[in-house]
Amino acid sequence: MHCTVVRRVISVTATTRPRVAVLGGAVGGLATAADRFAAFADVTLFERQSYDDKRVNCGEAITESSVVPLATTPENGFLNRIEGFDLHVYPSTDRDAMASPLASTTITVDEGFVTDRDVVERRWADRLRRRGVDVCEGTNVSVGRYREIVDDFDLVVDATGQPALSLKAAGRTGAYTGDVVALNADVEAASETPHRPDIVFEGHLGYFWVFPKSDRRANVGIGGAGEERPDNYIEELWGACDRFGVPRPAREDGIYTIPRGPSLDPEHTHRNGNVFLVGDAAGIANRYQGEGISQAIRSSSLLADLVKQGRVAEYPRRLHESMRAEYRLATLMRGVWESTEDPELLASVARAIDGLGVEDVTRRPWRVIARIARHPRLLVRLLGIAGVRSRLVDAYTDTWEYDSARRAETATGG
Ligand SMILES: Cc1cc2nc3c(=O)[nH]c(=O)nc-3n(C[C@H](O)[C@H](O)[C@H](O)COP(=O)(O)OP(=O)(O)OC[C@H]3O[C@@H](n4cnc5c(N)ncnc54)[C@H](O)[C@@H]3O)c2cc1C
């Protein structure tokens, strides 16, 4: 199967420009259709929403603005330049608004912005059009049309989010293992909102965020960091807004799931010979904090580079390898919380990582471990927790949830 696609793409590259279909025109799809591909291929992008009405379900914080090929101006949707995220750990939701947190720490970020992501995507799509990409917005690709596209195009990039259209077409939407459930909305404040983004841990609930877009506007949301889910998400969100002193959103925008990487067997990121999955479709968003924009763009750039080099068959392996450090760290961070649900312990970890960069706490496990090792009692305590030890072993032996899903499928003959 791999050889077929490599021959197909290479032979076309040698004689004429390959025809590439990109399904889904959010960050993952736009990044695939971007300069890297447009330079050597004829690209058609299909997006089911119109960019003028596009809605995104996201906190809209971009931690690596340089991966988006637009000037970071308000006209392009980059609203609030941020230099850090403030993390606050509270013992529980049962507290008054004036209670002090157990810990407050800062994670620095060099290229951070809170954005209007719908504007970023509209301007990015305009840029692609000017570079010759055929952008078909307001075009939902049905399963039937998907099959025609797979036959017609040399390469198909599935950037349709989770669950991916290609998995829907194969009746395999259950192939993803695990998710984070989140709810968010924009709020308008009567008085100034804080300039810096806040991420708040409040006991069992998981986390709550306030990402300011301007003096008076912010994106607020809650995400489930543990398996325990609130009975009523909007009431949980309102409660968190009250405790944190920000306005309640007027209405619920919807409850979404964030796939938590690696939630999909890498084998599934290459399908039907010429279909490759990127971004959320590939199940690579961060398992701990739910970030997925940089991850989607990185996966798209990797795919484009490999196609250009005639090595596209390496994509599933290379994607997994490039994400592995992040998978490991997110699994460990999540493990500390899930294994103990002890806010004091989480606060100690938060204090230990104070001042590290977002890259460190996302993709550099050894930076985090080195920080924790400066606190021998904390290190001993963490290593004394069976759940943390087993996650350490799993993470460093590449044992992921999709392995057990695969084993279960094999056992049932699926
Ligand atoms: C509540 C919430 C908050 C989040 N906050 C952040 C954050 O602050 N920062 C961050 O980095 N990440 C955040 N994430 C994660 C981030 O939103 C995703 O990881 C990211 O959007 C993935 O991008 P993508 O392009 O792969 O997929 P998506 O953003 O899911 O885009 C898929 C696109 O495909 C289109 N599409 C789907 N099906 C079809 C079809 N059949 N035909 C045509 N088009 C189709 C959709 O309309 C959509 O535009 C958050 C996620 C959630 C749920």
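**Entry 1: H9 against H14.** I looked up who touches whom: Arg328, Thr331, Leu332, Gly335, Val336, Glu338 and Ser339 in H9 meet Gly387, Val388, Arg391, Leu392, Asp394, Ala395 and Tyr396 in H14. Contact here means C-beta atoms, placed from the backbone, within 7 Å. Helices are DSSP runs (H or I, at least four residues), strands are E runs of at least two, and both are numbered from the N terminus. I sorted the contact residues into six nonpolar, four polar and four charged. Nonpolar covers Ala, Val, Leu, Ile, Met, Phe, Trp, Tyr, Cys and Pro; charged covers Asp, Glu, Lys and Arg; the others, Gly among them, are polar.

**Note on the model.** This is a predicted model: local features need pLDDT of at least 70, side-chain atom pairs count only at pLDDT 80 or more, and totals for chains, interfaces and linings use all residues. Residues are numbered from 1 along each chain as its sequence is written.

**Entry 2: Arg122.** I found Arg122 in helix H4, residues 117-130. Is Arg122 buried or exposed? Arg122 is buried, because 20 other C-beta atoms lie within 10 Å. The cut-offs are 20 or more for buried, 12 or fewer for exposed, and partly exposed in between, with C-beta atoms placed from the backbone. Skipping neighbours within four places in sequence, I got contacts from Arg122 to Tyr51, Asp52 and Lys54. I also checked Ser50: Arg122 and Ser50 sit 72 residues apart in sequence but 8.9 Å apart in space, C-alpha to C-alpha.

Entry 3: I looked at which element gives the most to the shell around the ligand, and H2 does, with three residues. By class, the shell has 16 nonpolar, 15 polar and five charged residues.

Methods:
Contact = placed C-beta atoms within 7 Å.
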